[in-house]
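Please examine the sequence and the structure shown below. The briefing that follows describes selected features, grouped by topic.

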Amino acid sequence: MERCFESDPFAGDQLAVVRGGRPVFAGLSFSVVPGAALRLAGPNGSGKSSLIRVMAGLLRPTSGVLRWGEEPVHQDPDGHARRLAFLGHADGLKPTLSAGENTAFQLRMRGMDRSTRTEAMQRAFATLNITSLLDLPAGWLSSGQKRRAALAAVLASDAALWLLDEPTVGLDTASVTALEGAIANHLASGGMVVAATHTALDLGARVTDLDPATFARRTATLSELGSGWGVS
Amino acid sequence: MHRFANPTRFLRLANAVLPWLGGLTAILFGVGLYQALVISPADYQQGETVRIMYVHVPAAWAALAGYASLAIASFTFLVWRHPLADLAARAASPIGAGFTAIALVTGALWGQPMWGTWWVWDARLTSVLILFFLYLGHMALVNAFDDSDRGGRAGAVLALVGVVNLPIIKFSVDWWNTLHQPASVLRMGGPKIAGEMMTPLMMMAGAYFALFGVLMILRIRSLLAARRLRQLRLAVQEI
Amino acid sequence: MGRFWAIMSRDLTLARRQGADLAMTVSFFVVVVVLFPLGLGPTPGQLAEIAPAVLWVTALLAAMLSFDRLFQQDSEDGGLDQLALSGLPLSVVALAKALAHWLTTGLPMIVLAPVLAITLNLDGDAYWALILGFILGTPIVSLFGTVGAALVVGARRAGVLVALIVLPLTIPVLIFGTLAIDAAANGLSIRVHLLMLAAILAAAIPLAPMAAGAALRQALE
């Protein structure tokens, strides 16, 4: 992976999210610089997934801004989408397509041409030790194999920012080590990684921990709640 | 930011307006019905049955106005995300559906003496029936999600799709009707409305629209209370 | 443009490999049309009279069965997130999906409708009106259905719901589609009815994907 990203730092300023009438977090700020990682920890329901979805631009924050360098992300959402690779809870694989076809589709949607696509994909599958699964329908794979196939699309992408929501779910120790190697590589070439995880996942030396739960807004008084619209 | 704007102002205004609007509704209905049912003359062709017009026609107007307010509220909600617009849209569709149902039932009651049958595929009645379906779809969609915020947003998009389609549907139904309907059938609303019929009709229209306003305020108030209740319960559970 | 074709060709591949789904919609169309002569009796004149309505209404119902899958699967398996992050506007994603849907359900119905019309003793002059009406009308149904499918992503009983909200919107298609066939059977001009369908299609091609894109954006949040 002899790439070198010359990217700006990615930061969020005073972010707040309200879901289902409940404030998930408020006043949350973070910053990631090239070559560094951010680990989102915290209990279930603390807002890790919401925060990652906000970072990806899938969820609009109730207030606050995301910045790429100096530029607010919401001014160019499509440009932001091209800079990042996102792995959510679900693997996003179609069971009737082969693992390779699934990954190839995602890379094609990123606008990568055929030769770059094939090369990047083979390298990513080799890194995660799933080269043998390339031609198998994704529906036949075990959950750990599916997770690795989904990770392969992130590894093969040309994105500077990786957003990983519980990337290690279902992975065995060897696969976790392989993933850690890929992350280290990505960081070494100037990329950025944000990962929400419960488990021990080595994100390199320049890692910051962030627990959205510490930004949970419990400050609303009963009278504030009783006089609002019931949504914020 | 409007998102955090205080709804207390809305409630204060609504509570101030409500008694006056309620009183106006009662007076308009009282006077309008008296004029429509007692004072106004019987039609030389339709006889006493013409009096059904005074409850039918304004109901159909209110049904249309209901969809217009639903669409305006939905547009406001999608563009400015104002929570009041969301509540107004949720409030408008059952009320509008209610007026549509009144228009359909009174239309059938009027049709029986005029055409000798409860239902005729008249262009107007058919259009009102389709409007009723659009309301039903909106209400079903709004309530189909576990996350009620999602239901409100989906409903808002549907209301706008519906309002773009409504003229096309109306046009096609009129077209279909002129091609299929034999000319001998008496058209509803066909007879000229005489001057002395106009006053009670307008009175009744005013009464229906005032009632619409009263019901909107009541429903928005109760939806607001339900939301606050949800939020309070969530807050209590977190403590 | 490459990404548009990528989505469409992937959906076509998926439809081909999950062939049973596609076959079910088309079989439904055939089975329901065949029920009518059985319920009504085999009198040719009577069948010919109801043939336009039977073919169009059944085509609409068959299409409704196929819409709940359009985005639901993508939403459940996380594919919708990836599509939203492809940098392609969601309205264009919706247009690609609608086109794939039309190719897999609208097109087979266009081919089958005249065959079924034979069993209903449709008037010989009316076949062109039927075929042209289906060619113009089925894409409209696919486009409207895409909007409905995007609206019901994540809803309970999405299949019934999509029919409830989309069917009223397709009434103009039903009216002009059947009127064209009636006109042709009576030796009248079909031009104006087909022009109406063409006008609705021309309006739906830009507007429906816009609405579907807005609905998908709401569904992601």
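Two residues are in contact when they have heavy atoms within 4.5 Å of each other. By this rule, the contact between chain B and chain C takes 31 residues from chain B and 31 residues from chain C. This is a predicted model, in which local features need pLDDT of at least 70, side-chain atom pairs count only at pLDDT 80 or more, and totals for chains, interfaces and linings use all residues. Residues are numbered from 1 along each chain as its sequence is written, chains are lettered from A and ligands numbered from 1 in the order in which they are written, and side-chain values use heavy atoms, with hydrogens and water left out.

**The interface of chain B and chain C**

- The size of an interface is often given as the accessible area lost when the parts come together.
- About 2,500 Å² is buried between chain B and chain C, and carbon and sulfur atoms give 72% of this area. Buried area is the accessible area (1.4 Å probe) that two parts lose on being put together, summed over both.
- B:Arg150, B:Val157 and B:Trp175 supply 20% of the area that chain B buries against chain C, more than any other three residues.
- Two salt bridges are counted between chain B and chain C; a salt bridge is a side-chain nitrogen of Lys or Arg within 4 Å of a carboxyl oxygen of Asp or Glu.
- One salt bridge joins the side chains of B:Arg81 and C:Glu221, at 3.6 Å from N to O.
- Seven residue pairs, both residues at pLDDT 80 or more, are in polar contact across the interface of chain B and chain C. A polar contact is a pair of N or O atoms within 3.5 Å; within protein, one must be able to donate a hydrogen and the other to accept it, and residues adjacent in sequence count only if both atoms are side-chain atoms.
- The elements giving two or more residues to the side of chain B that touches chain C are α4 (123-142) and α5 of chain B.
- The largest share of that side, 18 residues, comes from α5(B).
- By class, the side of chain B that touches chain C has 21 nonpolar, six polar and four charged residues. Ala, Val, Leu, Ile, Met, Phe, Trp, Tyr, Cys and Pro count as nonpolar, Asp, Glu, Lys and Arg as charged, and the others, Gly among them, as polar.

**Chain B as a whole**

- Chain B has six helices and zero strands. Helices (H or I, at least four residues) and strands (E, at least two) are DSSP runs, numbered from the N terminus.
- Of the 239 residues in chain B, 49% are buried. Buried means under 20% relative accessible area, exposed over 50%, and partly exposed in between (1.4 Å probe, protein chains only).
- Among contacts in chain B between residues at least 6 apart in sequence, 80% join residues at least 24 apart.
- B:Val164 is found in helix α5 (residues 148-180) of chain B. B:Val164 counts as partly exposed because its relative accessible area is 47%.

**The antiparallel sheet of chain A**

- Strands of a sheet pair through backbone hydrogen bonds, either parallel or antiparallel.
- Four strands of chain A form an open sheet in the order β2-β1-β4-β5, with antiparallel pairing. Two strands pair if DSSP finds at least two bridges between them.
- β2 and β5 (71-72) of chain A stand at the edges, each with a single partner strand, so one side of each is left without a neighbour in the sheet.
- Strand β1 (residues 10-19) of chain A pairs with strand β2 (residues 22-32) of chain A over seven bridges, and with strand β4 (residues 63-68) of chain A over five bridges.
- A:Gly12 stands opposite A:Phe30 in β2(A) and opposite A:Leu66 in β4(A).
- β4(A) and β5(A) pair over two bridges, and A:Trp68 stands opposite A:Glu71 in β5(A).

- All five residues of strand β7 (residues 161-165) of chain A are buried.
- A:Leu161, A:Leu163 and A:Asp165 point one way from β7(A), whereas A:Trp162 and A:Leu164 point the other way.
- β7(A) runs parallel to strand β6 (residues 84-87) of chain A, joined by four bridges, and parallel to strand β8 (residues 192-196) of chain A, joined by five bridges.
- A:Asp165 has A:Ala196 in β8(A) as its bridge partner.
- A:Arg147 lies in helix α5 (residues 143-156) of chain A, and A:Arg147 counts as buried because its relative accessibility is 3%.
- A polar atom of the side chain of A:Arg147 lies 2.9 Å from the backbone oxygen of A:Glu166.
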